[in-house]
Amino acid sequence: MTVQQTLSIIKPDAVGKNNIGDIIARLEKKGLNIVAAKMLHLSKEQAEQFYAVHKERPFYGELVQFMTTGPVLAMVLEGEDAILQNREIMGATNPSEAAPGTIRADFASSIEENAVHGSDSPETAGFEIPFFFTQEEILKRTR
């Protein structure tokens, strides 16, 4: 097993429903440590840049619009196989297909408003983490 870092975003729908604490508790209970966190309201330009990989997909415009509807909580998670662990905790993108007990099964209302985002690979994490955080903002857990 490898210690990894991954980006996790609690999206505007889950922030608006006050699910932040419940989501963080699930991540921590599975052994993921938060090593950086910040709440921000993405501008249209930021959302377009962050999701540029999806620019040619039909849902891109709706995704950008949704991600700018309210604040998000961006976090860097660290732990053993953090990318895979986070994706398992999140559940399938479509909440109707997400396993019971996953974040999306419990907190998402639709495939569009699916509560959370997580990096899907080390390469993606390598782009996504520095999009939101400088190295100085990512803190080692010492206790």
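I take helices (H or I, at least four residues) and strands (E, at least two) as DSSP runs, numbered from the N terminus.

**Setting up.** I am working with a predicted model, in which local features need pLDDT of at least 70, side-chain atom pairs count only at pLDDT 80 or more, and totals for chains, interfaces and linings use all residues. Residues are numbered from 1 along each chain as its sequence is written, and side-chain values use heavy atoms, with hydrogens and water left out.

**Whole chain.** I noted that the C-alpha trace spans about 40 × 35 × 25 Å along its principal axes. Counting as buried any residue under 20% relative accessible area, as exposed any over 50%, and as partly exposed those in between (1.4 Å probe, protein chains only), I find 45% of the 143 residues buried. With contact meaning heavy atoms within 4.5 Å, residues 24 or more positions apart account for 77% of the contacts with a separation of 6 or more.

**Helix 4.** I went to residues 60-67 and found Tyr-60, Leu-63, Val-64, Phe-66 and Met-67 buried. Seen down the axis, these buried residues fall within an arc of 165 degrees (from the directions from the helix axis to the C-beta atoms), so they line one face of helix 4. The face turned away from that buried side carries the exposed Glu-62 and Gln-65. The cover over the buried residues of helix 4 includes strand 1 (3-10), helix 1 (12-16), helix 3 (44-50) and strand 3 (72-80).

**Helix 7.** Here I list Ala-125, Glu-128, Ile-129 and Phe-132 as buried. Their arc, seen down the axis of helix 7, is within 100 degrees, so they too line one face of the helix. On the other side of helix 7, Glu-123 and Pro-130 are exposed. I then checked what the buried residues of helix 7 pack against, and recorded strand 1, strand 2 (33-40), helix 3, strand 3, helix 5 (82-90) and strand 4.

**Ser-119.** Which elements does the loop holding Ser-119 lie between? I placed Ser-119 between strand 4 (116-118) and helix 7 (122-132). Ser-119 is buried, with a relative accessible area of 0%. Leaving aside neighbours within four places in sequence, I find Ser-119 in contact with Thr-6, Leu-7, Ile-83, Arg-87, Thr-124, Ala-125 and Glu-128. Arg-87 is 32 residues away from Ser-119 along the chain, and their C-alpha atoms are separated by 7.9 Å.

Most residues other than glycine have a negative phi. Asn-18 sits in the loop between helix 1 and helix 2 (20-29) and is exposed, with a relative accessible area of 66%. Ala-115 also has a positive phi, near 75 degrees, and is found in the loop between helix 6 (103-107) and strand 4. Is Ala-115 buried or exposed? I read Ala-115 as buried, at a relative accessible area of 0%.
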